Structures are given as structure tokens and as C-alpha cells.
Amino acid sequence: MTLPPTQRRAELAANLAAVRSRIDRARVVAGRADPVTLIAVTKYFPAGDVDLLCELGVRDVGENKVQEATAKVAGLAHRGDIRVHFIGQLQSNKVRAVTAWADVVQSVDREKLVTGLGRGALEHGRRIDVLVQVSLDDPHVPGRGGAAPDGARRLADLVAGTESLTLRGVMAVAPVGADPRAAFARLAEVARGIREDHPQATWISAGMSADLEEAVEEGATHLRVGTAILGSRPSLG
Ligand SMILES: *Cc1c(COP(=O)(O)O)cnc(C)c1O
């Protein structure tokens, strides 16, 4: 963590290369020619790391805490070159703050958030890309984040009907201790259902450090990878 910048840069470069080759191999296995977007999840790591990643070609970063991300984004030297994704659970009273800087909000799982994001984006004169977060816990576990699969379609309709928001697709986290492949297959099915009404909603955000191969094989278009790129997160919150 406290490496000098040149050493940290070399470490990040090596980790990124390893992750990119894992993704390429998974694409070959899956027979996929379409691109897969890598989102570097930089939560708990400093703005300096985000700038280094940007210099190494990363164009998408993920953050999951509003306060931390608000300060970090403001301190980025390369802000103009990257797309910032908010991927964490969102409390209603923090929605407005997120609309000041998020390019994408991936964790929309209830109506109230859609209304708040729509209003905040409008106030800031911005358009925000939105993913509906789907819960893949079976049975549904309240508090883990995500809308139940049968409610995702209604939420997608609501996002699509909001002027300052663009519906891009779906996001999910694999359930703890379950087979990620089956969960991601289920997510792909939910995504298919939403595309019947919203053909432009093509993004499927799934897969993290431990299960990115399964996600690519089940059709993920976006991967959210933290630990495998940045190392173990410091334990402070
Ligand atoms: C932290 C986080 C990730 C990255 O997890 P790693 O296992 O470190 O790759 C992905 N998605 C969400 C929603 C996260 O909060």
C-alpha cells in the first residue's frame, strides 16, 4: 500500500495484465468475439491508484461508498478520462450526492432510488447510465441489495421512462456459497426479459475477482474486479 509510485505502478501493471489474460482466456472458452469491459474496483484505495490505473489504460472504475468516492473523484488528475461507476448499496439520503459525479449507477434496486436519481441528475444537468441490480439469492435475502428477479422488469421500465436516466442493463453479485455459474445464467435470463421491451439495455455487470471466468462464460459484458488488480483491501472502512 505504501509503495513508492513507480513500484506501485509496476505492481498494478502486472496485476492488470494477469486479469486481462484471464478475461481473454475466458472469452476464448466461451467463444465470444464481443468486448468485455473491465471495471477496476478502487474502493478503499487512494486517488493516486486510480490515476495510475488510468495511465495503464483503465477507463472504468467502481466505487461503493458515497462519502469516500465523492472525495476521491474530486481529487483525480485523470477525471476527464475515466467513467466512474457507483456499485454500492445506496441510501436514499445519499442519492443526490452520487448524481454529482457518477457516470453510471449500477445498484438501483427500488423505485425510490429511480425517482431520486432522476431528480438529482436533472438538477446537475447530467445524464446518468443506470443498471438495475438483481438479487440472485434464492430465497431472497433482504439487506444484501438487489431487487427480486420478478421486480426487475418493472424497475427497468421506470428507469427507461425517466428523462435524465439511460437504462443500460442489469447488475448482480453472485450469492455467497452458491454456484456462481448458475446464478449468472439466471441473471442472463432476467437481462433477456428486460431486452424484450428495452433492446438497448445490453449491459450485464457480473463477475468479480473470484468468479470472472464464470461471468464471462455466462455472458457478462462488464466485470467488477477489485482485489485481483489492487491487492487486498486495507481493513479500515
Ligand atoms: C468490492 C466489490 C467488487 C470487487 O470485488 P473483488 O472480489 O475485490 O474483486 C465487485 N462488486 C461489488 C458490488 C463490490 O462491492
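1. A polar contact is a pair of N or O atoms within 3.5 Å; within protein, one must be able to donate a hydrogen and the other to accept it, and residues adjacent in sequence count only if both atoms are side-chain atoms. S209 has a polar side-chain atom 2.5 Å from an oxygen atom of the ligand. For T227, a polar side-chain atom also lies 2.5 Å from a ligand oxygen atom. In the side chain of R224, an N or O atom is 2.9 Å from a nitrogen atom of the ligand.

2. The model is predicted: local features need pLDDT of at least 70, side-chain atom pairs count only at pLDDT 80 or more, and totals for chains, interfaces and linings use all residues. Residues are numbered from 1 along each chain as its sequence is written, and side-chain values use heavy atoms, with hydrogens and water left out.

3. The residues surrounding the ligand (a heavy atom within 4 Å) include V41, K43, N64, I87, M208, G226 and R233.

4. V105 is in contact (heavy atoms within 4.5 Å) with F86, L90, V98, L117, I128, D129, V130 and L131, leaving aside residues up to four places away in sequence.
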